[in-house]
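Please open the model in a viewer and follow the selections below in order.

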Amino acid sequence: MEKIIEEEKQGQSLILDQQEGNTRKLFIESYGCQMNFSDSEIVASILAKEGFNTTQHLEEADLVLVNTCSIRDKAEQTVRKRLEKYNAVKKINPSMKVGVLGCMAERLKNKFLEEEKIVDLVVGPDAYKDLPNLLSEVEEGRNAINVILSKEETYGDVSPVRLNSNGVTAFVSITRGCDNMCTFCVVPFTRGRERSRDPQSILEEINDLWSKGFKEVTLLGQNVDSYLWYGGGLKKDFEKASDIQKATATNFAKLLELCAQAHPKMRFRFSTSNPQDMTMDVIETMAKFNNICNYIHLPVQSGSNQILKAMNRQHTREEYFELIDNIKRLIPDCAISQDMIAGFPTETEADHQDTLSLMEHVKYDFGFMFAYSERPGTLAERKMEDDIPEDTKKRRLNEIIQLQQKHSLYRTQQHLGKVEEVLIEKASKKSDVHWSGRNSQNTVVVFPKENYKVGDFVNVKITDCTSATLIGKAVGYSENN
Ligand code: SAH
Ligand code: F3S
């Protein structure tokens, strides 16, 4: 299925606009979530000031950085394999330095330097501003490490360099860390406590993108609906804030409104929503503004109340249905996608059937589905036995994927015959004479290029579909153009 995340396929070397006078060469690649890709743009920006331009050729790099993911064991194995590759290149180019960034750096800390002799530098997600100092240590022949997590750092003052950009769509991070403590998840340990970024700096970044011709922004966070700015600091310390801070705080609905109003011709998306934190005012704001896309990524993980409880998800199956019903009532054509985990400890066949029946009720537009992978240090690892046999996990996962594929096709078929606004992003991968873009629901739409260009908002009549792609023909510019 095309939309399942496969960590192996996500690694991508990135190029930035080359800055004149910079002579050192940085090869940076990212694995895992969008936040990592976005963080790499922050890192490239910090290192551009240290004289680095990026390169796509590993062989010519002075510095190789890999931004890593710990979410599943497979993701970590992928990075280990990349380190082997770097090792081979380092034999030819011994002065090349190698650094590990992101969640694996945070999780493994010093162990990385012990286990992987090739690694010179280990930097956690909140320590990127320390990179210039750490690099000087490395240049003096010492290993360097900073994995301190922060209460404040949001990189709000770093203007990211857009890497590998189509010039049309961009990610803007609005929160860092997560306080939810889902029992299977390593993110709260690797990315620290949740903190929000100053709305002013978010708006400034968006203004800058708009002035450079960008047409769509996705607001990023582990749990965007939990966004809360009250002058800085951790979300969990909000109770201690002053009355004035509380009265003037900005929540996620308000932030969405600020963005949508500031740029009525720009599209806004956001990811990810945790069902327990999504409020009616967010849904109402989405319904109110045409330029907030009708799409919500709303991971549920399981359809069984027992499993949801064991996962420490703060809602029941019934409450989730209520939320879905509210979304569909206020935004009838809203697309919804899921994340699902098959084979969480203690999951019975009946629990699994609950997941399938929940999916049958929602009929998600698409989904990201995974077999449970035990992560060291999580509550599930400490308190529960990973007791579902691998082949059972795989079989259940396959059943979930099969059902999702059926629903994806059902959903794409609902677009047939309609005329939908599409933002053109790039040439279609499969055909030089077709454009590829997305409609408001985040479904990919492919249509003949004619005289349109990247960045145009076009009305497209949908004539055909697969389970992942809509195929159509442009009928003119949309009024947003
Ligand atoms: N809120 C986050 C979730 C991050 S993890 C976000 O912004 O997307 C992404 C997905 O990975 C989760 O929703 C979950 O479905 C999956 N996942 C997390 N930990 C996992 C584990 N230990 N095993 C299998 N899948 C996991
Ligand atoms: Fe992980 Fe749950 Fe947060 S999945 S990122 S702990 S919302």
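How much accessible surface does the protein have, and what share of it belongs to carbon and sulfur atoms? The accessible surface comes to about 20,200 Å², with 49% belonging to carbon and sulfur atoms (Shrake-Rupley method, 1.4 Å probe).

This is a predicted model, in which local features need pLDDT of at least 70, side-chain atom pairs count only at pLDDT 80 or more, and totals for chains, interfaces and linings use all residues. Residues are numbered from 1 along each chain as its sequence is written, chains are lettered from A and ligands numbered from 1 in the order in which they are written, and side-chain values use heavy atoms, without hydrogens and water.

Keep the whole protein selected. Its C-alpha atoms fill a box of roughly 65 × 55 × 55 Å along the principal axes. Colouring by secondary structure shows 16 helices and 22 strands (DSSP runs: H or I of at least four residues, E of at least two, numbered from the N terminus). Of the 481 residues, 58% count as buried, that is, under 20% relative accessible area with a 1.4 Å probe, protein chains only.

Next, select residues 164-411, which an unreviewed UniProt entry annotates as "domain: Radical SAM core"; such annotations may be inferred rather than shown by experiment. This span is 42% helix and 16% strand, and its end C-alpha atoms lie 31 Å apart.

Finally, select helix α11 (residues 280-288), where V282, I283, T285 and M286 are buried. These residues lie on the same side of α11 because they cover an arc of only 160 degrees around the axis, taken from the directions from the helix axis to the C-beta atoms.

Notes
Buried means under 20% relative accessible area, exposed over 50%, partly exposed in between (1.4 Å probe, protein chains only).
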